[in-house]
Amino acid sequence: MATGYRKPTAVIIGSGFGGLAAAIELGRAGYEYTLLEKGTDVGGVWRENTYPGAGCDIPSPLYSFSFEPNPEWPKRFSMQPDILQYLQRAATKYGVRGRARFGVEVTAAQFDAATGRWRVQTNTGESIEADVLVPAVGQLSRPAMPKIPGLDSFEGNSFHSARWDHSRDLTGDRVAVVGTGASAIQFVPQIQPKVSKLTLFQRSAPFILPRPDRSYTRAHHAAFRRFPVTQLIGRGTVWALAEAMTLGFTTVPALGKVIRQVCLSHLRLTVRDKGLRKKLTPDYAIGCKRVLFSSNYLPSLSKPNVQIVDEGIAEITPRGVKTVDGVEHEVDTIIYGTGFTATEFLAPMKILGLDGRELTEFWKDGARAYLGMTVPGFPNMFLMYGPNTNLSAGSIVYMQECQAAYLRQGMRRLEVSGPGYLDVRAEVEERFDSEIQGRVQGGVWTRCNNSNKNASGRVTANWPGRVTEYRDRTETLDVNDYRYVP
């Protein structure tokens with residue numbers, strides 16, 4: 001280590017699973033960091049999404065930190081309040097709260113080559129400096145509103161599911177739901193029994209697997225506490241199933257056909273009406289959009305107060321939703337279950353790298369990064385949940401643990417080399433990007449319209465392999481992949 005050189009410091013932006021994974025990893029390795037969070041507490045999407053029925057479709061033994069198992073999960077598939085509480089406990093246990101600043105939103109960050117440090121600007125007007133920048137805002141932090149004419153003309157109540165209006169009692173309302181993604185299949189069964197009519201505007205039907213949920217008993221909790229291996233076995237089982245599903249969407253089409261048949265069998269068993277079943281049958285390759293888990297969504301759509309509309313939406317009117325066939329559906333409330341801006345990484349922050357180059361310029365054709373983490377010309381920046389690290393099956397939490405461990409190795413490299421910066425070599429990033437784009441373009445993700453692609457058709461969200469492959473490729477930071485500039 002260079003004589004008298006201090007350990008490098010980091011600024012982490014965001015406090016969801018990714019931000020906490022990075023903070024805990026750096027804290028355990030003895031590095032100083034500051035975590036900036038625009039919200040009032042840790043939690044990310046699990047703090048923001050409070051719609052009825054909000055939960056995770058990955059079993060909790062896997063959708064949690066590997067180093068922090070929770071023997072007290074109330075259910076196999078945990079709900080939003082339990083996941084948020086888990087994150088809050090982890091933040092407290094590992095000392096993250098003492099290094100976090102809440103209510104602070106990052107507006108810009110600029111790298112200074114002369115000092116080898118990042119200068120971060122916030123909405124409070126202050127400037128914070130650190131050696132390493134760790135954007136951990138993820139792919140699900142900004143709700144996506146559909147581009148429909150007349151969106152602001154509606155005279156009733158309207159909101160996005162990620163900004164649920166809890167002051168509105170939907171009892172007796174005529175409700176329009178726009179979108180049929182992961183959020184909609186959770187809140188639709190919750191509001192269907194109380195509304196007078198629910199009109200679901202569906203662009204494409206999702207593939208849905210039954211959700212094998214169960215409540216954990218006192219005996220389960222006791223076994224998890226006394227014999228941790230029991231919970232580890234559950235985690236390993238889910239891991240193996242998720243890896244098999246990934247193979248079915250990528251290199252083993254026969255497995256994909258099996259998953260498709262299970263989805264269609266679930267549809268046949270839960271929807272008896274042939275006309276309705278036809279509307280709810282997906283017309284695209286399985287895996288092109290995320291396969292969802294629910295046992296109550298399809299049955300709720302068979303209720304007499306539900307109408308499925310698959311005509312395209314022409315406009316929003318003061319009284320409701322008008323479809324392209326000219327029919328105006330009058331409603332009292334519109335709920336947009338239209339997902340997130342998954343391809344607009346780091347927006348609306350302004351990130352400036354070497355020579356003042358803007359990240360948006362480098363990403364003008366779509367976001368890209370080596371291993372989803374590092375970008376040429378933006379030294380000492382490590383993204384969490386960056387481009388091409390999303391999953392079609394499995395738990396993103398472990399992906400973020402891999403990224404946090406890689407970040408820690410980058411910090412260590414800066415520590416032992418002395419003052420300077422690490423910049424991923426352009427040819428290394430280009431070779432990686434060429435490989436990944438070749439794999440995703442040849443996969444299922446290009447065979448339908450989905451949120452994984454940007455406007456030009458580039459798949460910027462998904463990782464085209466198994467989690468095991470990503471773990472192996474990020475296990476060791478290869479110094480030859482980087483320029484070290486003292």
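In this predicted model, the side chain of Glu25 makes a polar contact with the side chain of Arg408, at 2.9 Å. Glu25 belongs to helix H1, which covers residues 17–28. With a relative accessibility of 13%, Glu25 falls under the 20% limit and therefore counts as buried. Leaving aside residues up to four places away in sequence, Glu25 touches Ala404, Ala405 and Arg408. In an α-helix there are 3.6 residues a turn, so residues three or four places apart point the same way.

Helix H11 takes in residues 396–417. Its 22 residues reach 32 Å from the first C-alpha to the last, close to the 32 Å expected at 1.5 Å a residue. Of these 22 residues, 17 are buried, so H11 is largely enclosed by the rest of the structure. After H11 comes Gly418, which has a positive phi, near 95°.

The next topic is cysteine. A disulfide is a covalent bond between the sulfur atoms of two cysteines. Searching the whole structure gives one disulfide, and this joins Cys288 to Cys448 with an S to S distance of 1.9 Å. The angle about the S-S bond is -105°, and the link of Cys288 and Cys448 is left-handed. This pair links distant parts of the chain, 160 residues apart: Cys288 is in the loop between helix H8 (274–279) and strand S12 (292–293), while Cys448 is in the loop between helix H12 (426–441) and helix H13 (467–474). Cys288 has 0% relative accessibility and so counts as buried. Cys448 is also buried, with a relative accessible area of 11%.

Cys56 counts as buried because its relative accessibility is 6%. For Cys402 the closest cysteine sulfur is that of Cys56, at 17 Å, again too far for a bond. Cys402 has a relative accessible area of 7% and is buried.

Asn449 lies in the loop between H12 and H13. With a relative accessible area of 57%, Asn449 is exposed. Asn449 and Arg203 are 246 residues apart in sequence, yet their C-alpha atoms are 9.8 Å apart in space. Gln110 lies in strand S4, residues 106–112, and is partly exposed at a relative accessible area of 35%. Not counting residues up to four places away in sequence, the residues that Gln110 touches are Arg117, Trp118, Arg119 and Leu352.

The aromatic side chains come next. A pair of aromatic rings is described by the distance of the centres and the angle of the planes. The structure holds 21 aromatic pairs. One of them is formed by Tyr51 and Phe187, an edge-to-face pair with 6.0 Å centre to centre and 70° between the planes. This pair links distant parts of the chain, with Tyr51 in the loop between helix H2 (45–48) and helix H3 (80–93) and Phe187 in helix H4 (residues 184–191), 136 residues apart. Tyr51 and Phe187 are both buried.

Tyr370 and Tyr482 form a further pair, with ring centres 6.5 Å apart and planes at 65°; an angle over 60° makes the pair edge-to-face. Distant parts of the chain are linked here too: Tyr370 is in the loop between helix H10 (359–362) and H11, Tyr482 is in strand S20 (residues 482–485), and they are 112 residues apart. Both Tyr370 and Tyr482 are buried.

Ring pairs also link Phe17, Trp46, Tyr63, Phe65, Phe67, Trp73, Tyr86 and Tyr94 into a cluster. The charged end of Lys7 sits over the ring of Tyr31, at 5.1 Å from the ring centre. The charged end of Lys289 sits over the ring of Tyr284, at 5.3 Å from the ring centre.

Note on methods:
Residues are numbered from 1 along each chain as its sequence is written. This is a predicted model: local features need pLDDT of at least 70, side-chain atom pairs count only at pLDDT 80 or more; totals for chains, interfaces and linings use all residues. Side-chain values use heavy atoms; hydrogens and water are left out. Helices (H or I, at least four residues) and strands (E, at least two) are DSSP runs, numbered from the N terminus. Buried means under 20% relative accessible area, exposed over 50%, partly exposed in between (1.4 Å probe, protein chains only). A polar contact is a pair of N or O atoms within 3.5 Å; within protein, one must be able to donate a hydrogen and the other to accept it, and residues adjacent in sequence count only if both atoms are side-chain atoms. Contact means heavy atoms within 4.5 Å. The expected span of a helix is 1.5 Å times one less than its number of residues. Rings of Phe, Tyr and Trp (its six-membered ring) pair if their centres lie within 6.5 Å; planes under 30 degrees apart count as stacked, over 60 as edge-to-face and the rest as tilted. A charge sits over a ring if NZ of Lys or CZ of Arg is within 6 Å of the ring centre and within 35 degrees of the ring normal. A disulfide is a pair of cysteine sulfur atoms within 2.5 Å.
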